[in-house]
Amino acid sequence: MATLFLDGFAAIFSNPINLLIIFGGVSVGIIFGALPGLTTVAALSMFLPITFGMDMQIGLSMLTGIFIGGTSGGLIPAILLNIPGTPASIATTFDGRPMALNGQAGKALGVAIISSFMGTLISIIALIFIAPPLAALTIRFGPWENFAVTVFALTLISSLVGKSLVKGLLAAFLGLMLSTVGFAPIDGASRYTFGNIQLTAGFELLPVLVGLYAISEVISNAAGGKGKNTSIVSDFKIRGLGFKFAEIKSQIGNFFRSAFIGLGIGVLPGIGGATANLIAYSVAKNASKHPDKFGTGIIDGVVAPEASNNATIGGAMVPLLTLGIPGDGSTALLLGGFMLHGVTPGPLLFQTHGAAVYTIFASMIVSSFLMMTLMYAGMRGFVKILKVPSYILLPVVVVLCVIGAFVVGFRTFDVWSLLAFGVIGLAMQKFGVPIPPLILGFILGAPLETNLRQGLQHSQGNFLDAFTRPIVVVFFALIILFFAGTAIQKKIRSKKA
């Protein structure tokens, strides 16, 4: 292993062009992740054909660089503009944006960047050393196990409901309802389309997410009557890396817990960073001694989502490399990249293309360091976005969002969906209805229904069959413990009050 690793680094550093290509991949990923409406999937799909003429190892290294850069780049608009650059950056807005509004944009960015870097690095180390056992665990997950994981994730909605439990649950149910629009899984029945052929494909995540956050933010700013020379935030400070060592030291437990949550969720196909960052944030809030401070601008709420969403990178690569199973759109395109270069991921990959695999591992580590370097180098420039007058910045954001929504499926319908969800998001803000439960319900609705129906088909309609599986029992036990722990915490807090 050590020899193959050294050979992998040697293949990268033997030619400056190779390092430059990886540098370019990371840069492209950061740009696409940072631009509202554009995604890592869009970057990978655009640059996948370019790698065809490259050496296999370097071409695949460039694609993994885009993957790492794209996942990390979403934190920039999440903190500065309250707009998640990618679905994996949703929870970063909860405390990152309040920190920026409080003049701590530099600290928020610094903490987010170092958390992203360390989360990526830990997941790559885990990928290298524990990929086979993790893959063996993943392959034991059937429909019932995946259903249990999804239900467990949904229980964490209680941490995201805000001040009103009723409003939060209503938002979650709305998200679940929206996920059922279109053709049903398994039998393909048409639901809630009202005769509109565009609705048969359902709503895409990107227009829903960007509409609820970005477009509603733009409308809110416009409705606020801000003057022509008003910028979004005027005061900010950056010293060194943006944070003190003692502040990061205090987050070690939060960081490792969140990174392992991201790693575990990344291994499970079909869930990904969009769910991991919300779950990690919820767990961090529940485990905190001061949960009431979450959402007001504390670094705990930035470390958790950024450590977890980047940790899904290594986790998602585990089933891709060892089983040939892509977990999301990004890894599906990476699988296409492997196939394009004549490499078939699976159990025999390490035997047939061992040198190429370890070159990719080495390039992922190099990409992580490049990502951190590029993000820190550009941090002061990023923060200057806050000085841009809103009458210039907001129209640019809208244009980028519209472009991003259109390129998802090249449908005008997605653009109209974007605008419609912008209005819905604005209405939710006005009436105090939290948006995160809706997003989590929408993301988890499809896998919840699909796995439930597959499980019932397998068991011939017997739901109790799920409880004959040890993994399912463990997850439902965790659900009970979670609710019990939450009730005990609330009782303790009420006594203190």
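Visitor: What should I know about the model before we start?
Guide: It is predicted, so local features need pLDDT of at least 70 and side-chain atom pairs count only at pLDDT 80 or more, while totals for chains, interfaces and linings use all residues. Residues are numbered from 1 along each chain as its sequence is written, and side-chain values use heavy atoms, with hydrogens and water left out.

Visitor: How many helices and strands does the protein have?
Guide: There are 22 helices and two strands. Both are DSSP runs numbered from the N terminus, with helices (H or I) of at least four residues and strands (E) of at least two.

Visitor: Why are H1 and H2 called roughly perpendicular?
Guide: Helix H1 (residues 2-13) and helix H2 (residues 16-34) pack at about 90 degrees, their axes 5 Å apart. Axes are lines fitted to C-alpha atoms, for helices over the stretch in contact, and angles run from 0 to 180 degrees between N-to-C directions. Angles under 35 degrees count as roughly parallel, over 145 as roughly antiparallel, 65 to 115 as roughly perpendicular and the rest as oblique. H1 and H2 are therefore roughly perpendicular.

Visitor: Which residues make the contact of H1 and H2?
Guide: Ala-11, Ile-12 and Phe-13 of H1 meet Asn-18, Leu-19 and Ile-22 of H2, where contact means heavy atoms within 4.5 Å. By class, that gives five nonpolar, one polar and no charged residues. Here Ala, Val, Leu, Ile, Met, Phe, Trp, Tyr, Cys and Pro count as nonpolar, Asp, Glu, Lys and Arg as charged, and the others, Gly among them, as polar.

Visitor: What makes H3 and H4 roughly antiparallel?
Guide: Their packing angle is about 160 degrees, with the axes 9 Å apart, and H3 and H4 are therefore roughly antiparallel to each other. Their crossing is right-handed. On the H3 side, Thr-40, Ala-43, Leu-44 and Phe-47 take part, and they meet Met-62, Leu-63, Ile-66, Phe-67, Gly-70 and Thr-71 in H4. Those residues divide into seven nonpolar, three polar and no charged.

Visitor: Why is H13 called oblique to H21?
Guide: The axes of helix H13 (residues 273-287) and helix H21 (residues 436-458) come within 10 Å and cross at roughly 135 degrees. That makes H13 oblique to H21.

Visitor: What is the handedness where H13 passes H21?
Guide: That crossing is left-handed: the near helix is turned anticlockwise from the far one by less than a right angle, whereas clockwise would be right-handed. Ala-274, Thr-275 and Leu-278 in H13 meet Leu-440, Ile-443 and Leu-444 in H21. Five of these residues are nonpolar, one is polar and none is charged.

Visitor: How do you know that Thr-51 counts as buried?
Guide: Its relative accessibility is 0%, so Thr-51 counts as buried; the term means under 20% relative accessible area, with exposed over 50% and partly exposed in between (1.4 Å probe, protein chains only). Thr-51 sits in the loop between helix H3 (40-47) and helix H4 (56-73). Beyond its neighbours within four places in sequence, Thr-51 contacts Gly-59, Met-62, Leu-63, Leu-340 and His-341.

Visitor: Why does Ser-89 count as buried?
Guide: Ser-89 has 0% relative accessibility and therefore counts as buried. Its place is the loop between helix H5 (75-80) and helix H6 (92-101). Not counting residues up to four places away in sequence, Ser-89 touches several residues, including Thr-71, Gly-74, Asn-277 and Glu-306.

Visitor: What percentage of the residues count as buried?
Guide: Of the 497 residues, 58% do.
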